[in-house]
Amino acid sequence: LRVTIGYYDTNNALLSEITLDTAAVMPAPSSTALIDTINGLTGTLTPTALSVGMQVSLSTADVTTLASSGLDVAYQWQQGTLGGSWNDITDAELSSYSAQNSDVGSALTLCLTLTDASLGQSQSVCTDPTNIVTDNASGYTLRTLYLRLDSSTDTLSLINDSQVWLNNLLTTENLSASYQWYRVPESGSVDSGGTTTGSATSSYADYVLTADDDNYRHALRVTLSNGDEVNSDLSSEWGGAGSSGTNTDGTFQDLYVDMVRIEGGATPYVVGDTLTARMSGSTASNSQIPDSVNYQWQQFN
């Protein structure tokens with residue numbers, strides 16, 4: 001199958017166009033587990049804007065789908081170009097991968113081979129590709145920035161952790177930066193259909209959404225004075241004035257990852273001890289605490 005994707009501005013002028021061919025269409029397997037699992041996969045990687053040293057992985061939702069499928073899963077990372085050829089990356093056979101110098105100028109994708117051992121049937125699927133991997137001149141491990149949406153003011157901004165990390169990078173490496181916000185159409189990216197909103201600035205500023213941003217996603221690209229780029233993940237599609245993302249605290253709230261610890265006196269606990277449930281273990285890039293947390297204590301015999 002072949003599909004041609006075109007991106008147009010509000011005046012219906014073509015911004016960019018790309019033609020993609022799928023792999024040969026294969027007969028459907030008889031395995032229900034294979035069919036249900038393949039249909040349940042989103043085929044997304046996170047993050048999609050990468051530089052050398054950054055780790056990319058299969059989305060949490062897809063990892064969960066595969067873990068509960070009962071299928072055998074083999075992973076193979078590939079590098080290549082949209083509409084071009086793709087080649088296996090040697091010894092890259094896990095669900096996550098760190099971008100290498102040899103990946104600069106190429107996009108990455110992850111191909112999964114799913115096997116229903118009970119029926120001896122296998123199917124292969126590949127994720128949507130990342131953006132082109134960029135160089136990392138500083139050697140400082142770069143990472144994805146994350147955004148939050150203030151629905152009361154219709155303003156997109158960097159979450160505090162991303163702002164602190166970026167400021168530390170600029171100070172530590174003695175760098176300056178330019179900041180450019182982008183408006184991105186559905187299924188597009190900064191480099192595929194994305195258009196700038198205003199001019200780049202030499203200092204960071206939040207982005208106030210307008211009617212022109214309705215039904216678009218948004219991203220911030222920070223270009224460092226050494227040529228490196230730091231990108232935010234894409235925001236959710238904006239639905240207009242007063243709308244919010246996943247919740248009122250930000251479009252990337254679902255990235256919060258943590259664990260619950262039970263704390264108290266010396267173990268084993270005895271009658272009269274006071275126990276406390278405490279969330280701990282969150283990493284800096286996933287540090288958005290949910291709006292509210294409900295705890296339910298249970299007793300097991």
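Mentor: The protein chain has three helices and 18 strands. Both kinds of element are runs assigned by DSSP and numbered from the N terminus, a helix (H or I) having at least four residues and a strand (E) at least two. This is a predicted model, in which local features need pLDDT of at least 70 and side-chain atom pairs count only at pLDDT 80 or more, while totals for chains, interfaces and linings use all residues. Residues are numbered from 1 along each chain as its sequence is written, and side-chain values use heavy atoms, with hydrogens and water left out.

First, the chain as a whole. Of its 301 residues, 36% are buried; buried means under 20% relative accessible area, exposed means over 50%, and partly exposed lies in between, with a 1.4 Å probe and protein chains only. The accessible surface comes to about 16600 Å², and carbon and sulfur atoms hold 48% of it. Such areas come from the Shrake-Rupley method with a 1.4 Å probe, and for residues only the protein chains shown count as cover. Among contacts (heavy atoms within 4.5 Å) between residues at least 6 apart in sequence, 57% join residues at least 24 apart.

The largest nonpolar core has 41 residues. Such a core is a set of buried Ala, Val, Leu, Ile, Met, Phe, Trp, Tyr and Cys residues joined through side-chain atoms within 4.5 Å. Those with the most contacts inside this core are Trp-77, Trp-165, Leu-166, Leu-169, Val-222, Leu-224 and Val-230. The elements that give two or more residues to the core include helix H3 (160-172), strand E12 (177-184) and strand E15 (217-224). Leaving out residues up to four places away in sequence, Val-222 touches Leu-145, Leu-166, Ala-177, Ser-178, Tyr-179, Asp-228, Glu-229 and Val-230. A second, separate core has five residues, among them Val-184, Val-190, Ala-219 and Leu-234.

Trp-77 leads on to the rings. The structure holds three aromatic pairs. Rings of Phe, Tyr and Trp (its six-membered ring) pair if their centres lie within 6.5 Å; planes under 30 degrees apart count as stacked, over 60 as edge-to-face and the rest as tilted. Trp-77 and Tyr-97 make a stacked pair, with 5.7 Å from centre to centre and 25° between the planes. Trp-77 belongs to strand E5 and Tyr-97 to strand E7 (residues 96-98), so their pairing ties together parts that are 20 residues apart in sequence. Both residues of this pair, Trp-77 and Tyr-97, are buried.

Another pair is formed by Tyr-179 and Tyr-204: their centres are 6.0 Å apart and their planes stand at 70°, so this pair is edge-to-face. Tyr-179 lies in strand E12, and Tyr-204 in the loop between strand E13 (195-196) and E14, so the parts tied together here are 25 residues apart in sequence. Tyr-179 counts as buried because its relative accessibility is 7%, while Tyr-204, at 21%, counts as partly exposed.

Strand E12 also holds Tyr-182. This residue is buried, at 14% relative accessibility. Apart from neighbours within four places in sequence, Tyr-182 is in contact with Val-190, Gly-194, Thr-195, Thr-196, Thr-197, Arg-217, His-218, Ala-219 and Arg-221. From Tyr-182 to Gly-194 the C-alpha distance is 6.1 Å, and the two are twelve residues apart in sequence. The charged end of Arg-221 sits over the ring of Tyr-182, 5.9 Å from its centre. A charge sits over a ring if NZ of Lys or CZ of Arg is within 6 Å of the ring centre and within 35 degrees of the ring normal. Arg-183 lies over the face of Tyr-216 in turn, at 6.0 Å from the ring centre.

Strand E5 (residues 72-80) runs antiparallel to strand E8 (residues 107-116), with nine bridges joining them; two strands pair if DSSP finds at least two bridges between them. Opposite Tyr-75 stands Leu-112 in E8. E5 also pairs with strand E6 (residues 86-88), antiparallel, over three bridges, and there Gln-79 stands opposite Asn-87. E5 and E6 form a hairpin with five residues between them, and Gly-83 in its turn has a positive phi of about 75°.
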